[in-house]
Amino acid sequence: MGKYLEIIRIRFLMMLAYRTNYYTGIVIYTINIGAYFFLWKAIYGSQGSIQGVTVTQMTTYVAIAWMARAFYFNNLDREIAEEIREGKVAIELIRPYNYLLTKVMQGLGEGIFRFFFFSIPGFIIVAFIFQLKVSFNLTTWGLFLLASIFSFAINTQLNILTGLMAFFLHDNMGFIQAKRVIIDLFSGLTIPITFFPIWAQDVMKYLPFQGISYIPSMIFAEGIKGDSLLNALLFQVVWVILLCIPITVIWYKAKKQLVVQGG
Amino acid sequence: MENMIEVQNLHKEFKTFSSRSGVKGAFRDLFTRNYKIKTAVNNISFSVKKGEMMAYIGENGAGKSTTIKMLTGILTPTAGNVKVNGFHPQKEREKFVRSIGVVFGQRSQLWWDIAVQESFRLLKKVYQVSDKQYEEHMGYIIKTLDLEPLLDQPVRKLSLGQRMRCELAAALIHNPPLLFLDEPTIGLDVLVKLKIREFLKELNQRYGTTILLTTHDISDIEALCDRVVMLDEGKIIYDGKLEELKGQWGEEKEIQFQFIKNVEQQDLTELVGRTDVKWKKDEGENIWTVSLPNDETTISMIIAKVVQSHPVKDMKMLEISTEEIIRNIYQEGMSNG
């Protein structure tokens, strides 16, 4: 386990090595949250609530969804694809660790860095500017953290799957772009799932995306409670387990037919 | 002695697709593709003893790197058996890679953005090297390779020579009994090359490390390896001592004479009167080169005869360098030898 902790630490150091990225990130996130804040304000107009969600709940949802994104988001898909394309996987395979687990740990290192240096200070600023309704219920916070960890797992698994496609497609950048848009939309980051048409909501029930953003954000905004909360967490856990299957199969196949590119 | 590496009937094929030409061809490629089977390594067998330093040479694309990648467990062979250090590289990958060190000259295994010592620290954890072992072993390596001033630099700021020394140190962090070097001296200047060679020799003596290296630089082999395996189009065409390769191929010797007076071709040919001794006029004043069989009696006989009848100003023995021999082999193939 020591080696994986060390990998998290190294990624932490690497994030610090690129401080400019960090500062611009804060600006971009603030702009995004601001834009959605005013957009939703305009949509609500004088209405108190839409679909049973009040405007404060909505803006809190948007703010927390973006802050949670800072934690679960990572570029593992791109990194894996690049390592495959440039033949760097060769180097990874001569090390006594599990490549995919190492990647997950790197993503986690990145996520933890952003969580502490980005989400928390960012959220405090945003909470003051946009007058959010922040719960001080410790259980809510605890459940939100738990749901965020699952959301990290699901998102990372999907990233790994898309990244590994590079083994078979050799250039999967378009694929990666498409995946990113799909996740932002279907995970409920841009619009909460409850605002989708009913048929789309039904389809979403069978897809893992809402486990990424919608569930943790709704938990934080106290939009899901009781039984449906338990079901939501269960939904996440089931997907985390299910997604392990295609990853294992693809990784096994990929190793067999690995072609190291570039000599 | 025990065998470190055992390779039996190793075979590797790649499936590559060939693109059709033109726009129409590109559209057709979208739906169906023409596949070609390319054999990279063709049924080779060899073994390497413990403590041996072996060079693996061949032209670009001869299959050297592919073999190394199969021996290190990166690529899965199409057929054949590989046993390295008692392990089956593909089946027991994580356990196996603990016992080897690998340096790819064209690929960095250090982390680009962080200081060298952080990379070392991470590798130390990854290979589970104890502090005591690290101090002792790495202390020695850092001192010998002169890495102390580089440790706090990020890798991207290092020169190629500095980076290569760090790569070598990184591959040796766990003091592996077997070291693979894939073109370790590519692009390095003479001083760094010498330093690396000396270090490898010392390592081999100190720890008995088995070293297998591929290179295009023949002087690497001359300095380090007793044994050479030469590969051409995926097949082994020579396996043996470098000296013997030289003997087998360096059959002819050349001697260059500079005479004081003008000499005619006929005079020289008549002087010896043998068909396997050939004279050739070289550039420069009164300079002639004779090529003759490489045996001592012929050589002294010819020198004696020439010097007796024609006053000589200067004389040079031209030995065919290993590099030339290898170039000849690449060009003509082993069968002609």
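Reader: What counts as a helix here?
Author: A helix is a DSSP run of H or I with at least four residues, and helices are numbered from the N terminus. The model is predicted.

Reader: OK. Where is B:Thr298, then?
Author: B:Thr298 lies in helix H11 of chain B, which covers residues 296-309.

Reader: Which residues does B:Thr298 touch?
Author: Leaving out residues up to four places away in sequence, B:Thr298 touches B:Leu292 and B:Pro293.

Reader: Switching topic. Which strands make up the open sheet in chain B?
Author: Three strands, in the order S2-S1-S4, with antiparallel pairing. The edge strands are S2 (34-49) and S4 (79-84) of chain B, each pairing on one side only. From one strand to the next, the twist averages 25°.

Reader: How many bridges join S1 to S2 in chain B?
Author: There are 12 bridges between S1(B), residues 3-18, and S2(B). B:Asn3 stands opposite B:Lys49 in S2(B).

Reader: What packs on the sheet?
Author: H2(B) does, touching S1, S2 and S4 of chain B. The direction of H2(B) makes about 120° with that of S1(B).

Reader: And the chains, how many residues are in contact?
Author: 24 residues of chain B are in contact with 21 residues of chain A. On the chain B side, H4(B) gives the most, with four residues. That side divides into 11 nonpolar, six polar and seven charged residues.

Conventions: Residues are numbered from 1 along each chain as its sequence is written. Chains are lettered from A and ligands numbered from 1 in the order in which they are written. This is a predicted model: local features need pLDDT of at least 70, side-chain atom pairs count only at pLDDT 80 or more; totals for chains, interfaces and linings use all residues. Helices (H or I, at least four residues) and strands (E, at least two) are DSSP runs, numbered from the N terminus. Two residues are in contact if their C-beta atoms, placed from the backbone, lie within 7 Å. Ala, Val, Leu, Ile, Met, Phe, Trp, Tyr, Cys and Pro count as nonpolar, Asp, Glu, Lys and Arg as charged, and the others, Gly among them, as polar. Two strands pair if DSSP finds at least two bridges between them. Axes are lines fitted to C-alpha atoms, for helices over the stretch in contact, and angles run from 0 to 180 degrees between N-to-C directions.
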